[in-house]
Amino acid sequence: MLPWTVIGLALSLRLARSGAERGLPASALQGDLLFLLDSSASVSHYEFSRVREFLGRLAALLPVGPGALRASLVHVGSRPHTEFLFGQHSSGSAVQDAIRAAAQRMGDTNTGLALAYAKEQLFAKAAGARPGVPKVLVWVTDGGSSDPVGPPMQELKDLGVTVFIVSTGRGNLLELSAAASAPAEKHLHFVDVDDLHIITQALRGSILDAMWPQQLHASEVTSSGFRLAWPSLLTADSGYYVLELAPSTDPGVARRQQLPGNATGWAWTGLDPDTDYDVALVPESNVRLLRSQHLRVRTLPEETGPELIVVSHARPRSLRVSWAPALGPDAALGYHVLVGPLRGGAAQSVEVPAGENSTTLQGLAPGTAYLVTVTAAFRSGRERALSAKACTPEGERSRAPRPQPQRTGGREP
């Protein structure tokens, strides 16, 4: 098992406190939960049955009901397919039975197409979705996709959807970390298909936390911005919100944003790193008086990429490349190492997961100068790169065999 798989699994075992554990009434929880299930031909029948069993057990533990949590299931295949809509089943056990009865669809793994379809499901009244309640997506995948996942997933997160990803171990860490909601250690799980039961309680707690009514709070904090969310306090017809943002050291430099009464979130971008910001959410309504909510959020220090590249163990056809890793609270999600001949030619790339800071580049040409570039990728989508030159030594030249004396059949002199 890979080191980052072990780390991710260990982190996933930290059980989040659910609303029930806080002593809050079950009627306070509302939300729409969409299961996105990889049902394509890239998943074996055995894997599909194990994932289906896992989702069924998870659904049975959730407080599903008409006025509480509603669940829906969409298959990933050549084309997305809805197994059941929100509100179609009124209990966790009924959702469990419906999941267990789901048949594998086969076809291509068009996850991006399914995510675009999921966006419609999560916000369409025709599908049973409710305005103003938290939205959660749980995507279970074997790690592969036939089409791009990043853009449609970002659109969902921009609309306030909390994204949990469960990979059965073959996914790309960098891509899945960027696709899941932040922080990745809470929203991304790498688990072998036979060990999915290990994360059931942890995932249940995280889902309940994402759906429980909360005051104004911040998430996905980076060096240049953060996302705000708040419970539904108004409606589109009863008023609007004024959102204010200002650096704590300079309140006079404020930014303001007016939002409709049915809004429950907003993302601030273009902020300064390592800075405290004071946030105020002011509900304006002629129907009822609501207090403003206040919050202070500190952006992370500026993202720093590799500061030093060291080339060692130079061989005619390989090089060992190491670098000083990006450290701090906003450390890199992973690294992309690109190497190509200085005089032109095909380049090769290597993906290195977060937590590692070296790799061996193979298949190089002897006696050739190369440009090596190490790029650190961050959750914000930005990248930092550093390049260095390296040269492989000449290989051993082959020697022509010495001519052997020819024998003529007589004695040698």
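How many helices and strands does the secondary structure of the protein come to? Eight helices and 20 strands. Helices here are DSSP runs of H or I with at least four residues, strands are runs of E with at least two, and both are numbered from the N terminus.

Some ground rules. This is a predicted model, with residues numbered from 1 along each chain as its sequence is written. Local features need pLDDT of at least 70, side-chain atom pairs count only at pLDDT 80 or more, totals for chains, interfaces and linings use all residues, and side-chain values use heavy atoms, with hydrogens and water left out.

Now the whole protein. It has 413 residues, and 45% of them count as buried. Buried means under 20% relative accessible area, exposed means over 50%, and partly exposed lies in between, with a 1.4 Å probe and protein chains only. Next, contacts, meaning heavy atoms within 4.5 Å. Take those between residues at least 6 apart in sequence: 69% of them join residues at least 24 apart.

On to a helix pair. Helix H2 covers residues 45-60, and helix H3 covers residues 92-100. They pack at an angle of about 170°, and their axes are 7 Å apart. Axes are lines fitted to C-alpha atoms, for helices over the stretch in contact, and angles run from 0 to 180 degrees between N-to-C directions. So H2 and H3 are roughly antiparallel to each other; that label is for angles over 145 degrees. Which residues of H2 meet H3? Arg52, Leu55, Gly56, Arg57, Ala59 and Ala60 do. From H3 come Gly92, Val95, Gln96, Ile99 and Arg100. The residues of this contact divide into five nonpolar, three polar and three charged. Nonpolar covers Ala, Val, Leu, Ile, Met, Phe, Trp, Tyr, Cys and Pro; charged covers Asp, Glu, Lys and Arg; the others, Gly among them, are polar.

Next, a sheet. Three strands form it, in the order E14-E15-E18. The sheet is open, and the pairing is antiparallel. Two strands pair if DSSP finds at least two bridges between them. The edges are E14 (309-315) and E18 (358-361), each pairing on one side only. Neighbouring strands are turned by 20° against each other on average, direction ignored. E14 and E15 (residues 318-323) share five bridges.

His313 counts as exposed, at 54% relative accessibility. Asp274 also has a positive phi, near 55°. Asp274 sits in the loop between strand E11 (265-268) and strand E12 (276-285). Asp274 is partly exposed, with a relative accessible area of 40%.

Is His75 buried or exposed? Buried, because its relative accessibility is 0%. His75 lies in strand E2 (residues 69-76). Its side chain makes a polar contact of 3.2 Å with the side chain of Ser39. A polar contact is a pair of N or O atoms within 3.5 Å; within protein, one must be able to donate a hydrogen and the other to accept it, and residues adjacent in sequence count only if both atoms are side-chain atoms. Leaving aside neighbours within four places in sequence, His75 is in contact with residues including Leu37, Phe48 and Glu83.

Asp32 is in strand E1 (residues 31-38). Asp32 is buried too, at 0% relative accessibility. Residues up to four places away in sequence aside, Asp32 touches Arg70, Arg130 and Lys135, among others.

Definitions and conventions: Parallel < 35°, antiparallel > 145°, perpendicular 65-115°, else oblique.
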